[in-house]
Amino acid sequence: MTKVDTIILLVLLLALNISLISFLLVLMINMYFRNRREIQKRKKREAELEAELKIREKRIGDIVKSDNERFNYLNSVFTAMANGIVLVKSTGKPVFLNHVGRKFLKVDKSVFFEKNLAGKKDFYRRVIRHCIKTYDTRQAETFDHQEEGKTYRITCIPVYDRYERKRCLGVMADITDLTSLKQMEEARQEFVANVSHEFRTPMTLIAGYVETLAMWEDLDRENKKKCLEVISYETKRLERLVQELLDLSRLDQSPGQDKNLSYVDIKGVVNKIFWSLSGLADERQISLESDIKTKPDVLKSNEQFFYQMLFNLVENGIIYNREKGYVRVSAWNDDSHIYIKVKDNGLGMNENEHTRIFERFYRIEKDRNSKHGGNGIGLSIVDMAVRRMDGKISLESEIQKGSEFTISIPLQAIK
Ligand code: ADP
């Protein structure tokens, strides 16, 4: 190979190298720009994803917040409820118990972590057993439970998924304390029975004597007189009974309905009562005495209730007394209360009667009352009137020695 050939070969090789290097350079530059574009694209995508993530995070935050609010709201509703609420899973495991539910069932929050019912009170076990049964049958059921003098009504209802209607999530037991309702119902039934009984006796007597009077021609003067006397006496008894029942119902009404509240003229009321009862007192030779030391304009109250309260006590003092006995009314006040005392030296009563006599229709021995036709309502009217004035009544009494009723009424609490 000549020198020229060698030079040409070298030049060719150099040119080949240069073009190879140029090609590689172009390739690298191309790759560089493509990578840069790719990176930029990815960064943009990442920024977009981040923004979307933030929006979603906010949305989830909002949902959680509103869920928490809703949960708090539901929790306050369940806490404020007078009923006990228990939510139970299919297995009988409790998932929620409101405060009242825990109180009724005598359990604490540890029930959520316990595996079985061992050691739990009967009531709780019974509720859980009924919940499991309700879950299995998918039938709501109601039962009553009695414990320690209280009556509860429990209703178990299956709870279904909101979105998947057929899916039963568990059972809710709703527990109502029926005790006071039951007591009210019993008291109402007893009251109706008592009233009917009280009406029946005088009405039967009146009907019987009216029938006898129908044979007017055959009756002598003596028998006619007796019939009319009985009818008149029993009619008055009925009248008195109706009046006392009306008084009771007036006192039963809510205090907000007291309209004519003004200062009670205590001395005036006592004088009026003494005047009304003077005939009865004279008949039995009972002296009526008073010692009123209250300041004027000290007691603001419903004068009619005050009058009824005192009238019944004085009247009883006369009736359940002996001949030539006395009934003494005294009254005085301090800065906070007014005190009224009605004392007699009559028949008195045993200590075991002291609270019972304030019950409606309660009488001591029936023959004590038969002479004046008492219905056993007088002292329950007194008791209600005293309570209506936020006051208290106490009694000291001894058989054959006499009775002393003391009433205290707070001066500022008069409704
Ligand atoms: P009644 O209208 O039958 O008199 P009350 O409610 O006024 O009914 O009285 C209930 C019972 O209390 C009466 O049966 C009577 O025996 C007894 N009682 C009430 N006040 C007196 C009193 N001052 N002394 C003795 N017993 C009384």
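Start by selecting Phe104, Phe123 and Tyr152: ring pairs join these three into a cluster. A pair here means rings of Phe, Tyr or Trp (its six-membered ring) with centres within 6.5 Å; planes under 30 degrees apart are called stacked, over 60 edge-to-face, and the rest tilted. By this rule the count comes to eight aromatic pairs. Zoom in on Phe104 and Tyr152: the ring centres are 5.0 Å apart and the planes stand at 55°, so this pair is tilted. It ties together distant parts of the chain, with Phe104 in helix H2 (residues 99–105) and Tyr152 in strand S4 (residues 150–160), 48 residues apart. Helices (H or I, at least four residues) and strands (E, at least two) are DSSP runs, numbered from the N terminus. Both Phe104 and Tyr152 are buried, where buried means under 20% relative accessible area, exposed over 50%, and partly exposed in between (1.4 Å probe, protein chains only).

A word on what you have open: this is a predicted model, in which local features need pLDDT of at least 70 and side-chain atom pairs count only at pLDDT 80 or more, while totals for chains, interfaces and linings use all residues. Residues are numbered from 1 along each chain as its sequence is written, and side-chain values use heavy atoms, with hydrogens and water left out.

**The sheet**

Now switch to cartoon and pick out strands S1 to S5. In what order do the five strands of the open sheet run? The order is S2-S1-S5-S4-S3, with antiparallel pairing; two strands pair if DSSP finds at least two bridges between them. At the edges you'll find strand S2 (94–97) and strand S3 (141–147), each pairing on one side only. On average, neighbouring strands of this sheet are turned by 20° against each other, direction ignored. Axes are lines fitted to C-alpha atoms, for helices over the stretch in contact, and angles run from 0 to 180 degrees between N-to-C directions.

Walk across from S3. Seven bridges pair S3 with S4 in the antiparallel sense, and Glu141 has Cys156 in S4 as its bridge partner. The two strands make a hairpin with two residues between them, and Glu148 in the turn has a positive phi of about 45°. Select Ile85 to find Asp174 in S5 opposite.

Then bring up helix H3 (residues 122–137), which lies across S1, S2, S3, S4 and S5 and runs at about 170° to S3.

**Charges over rings**

Show side chains for Tyr135 and Arg138: Arg138 lies over the ring face of Tyr135, 4.4 Å from the ring centre. To qualify, NZ of Lys or CZ of Arg must be within 6 Å of the ring centre and within 35 degrees of the ring normal. Select Trp216 next, and you'll see the charged end of Lys224 over its ring, 4.4 Å from the centre.

**Around H9**

Colour helix H9 (residues 378–388): 10 of its 11 residues are buried, so the helix is largely enclosed by the rest of the structure. Its buried residues pack against H5, H7, strand S11 (392–398) and strand S12 (402–410), with contact meaning heavy atoms within 4.5 Å. Just past the helix, Asp390 takes a positive phi of about 60°.

Hop to Asp247 in helix H5 (residues 221–252). Asp247 is buried at 8% relative accessible area and touches Gln308 and Ile381, not counting residues up to four places away in sequence.

Over in helix H7 (residues 303–319), select Tyr307 and Phe311, four residues apart, about one turn of the helix. Are their rings stacked or edge-to-face? The centres are 5.8 Å apart and the planes at 25°, so the pair is stacked. Tyr307 is partly exposed at 23%, whereas Phe311 is buried at 18%.

**Last stop: Asn345**

Finish at Asn345, in the loop between strand S10 (337–344) and helix H8 (366–370). Asn345 is buried, with a relative accessible area of 17%. What does its side chain reach at 2.8 Å? The backbone nitrogen of Tyr326. Show everything around Asn345 and, leaving aside neighbours within four places in sequence, its contacts are Asn321, Arg322, Gly325, Tyr326, Lys401 and Gly402.

Terms used. Polar contact = N/O pair within 3.5 Å; in protein donor to acceptor, adjacent residues only side chain to side chain.
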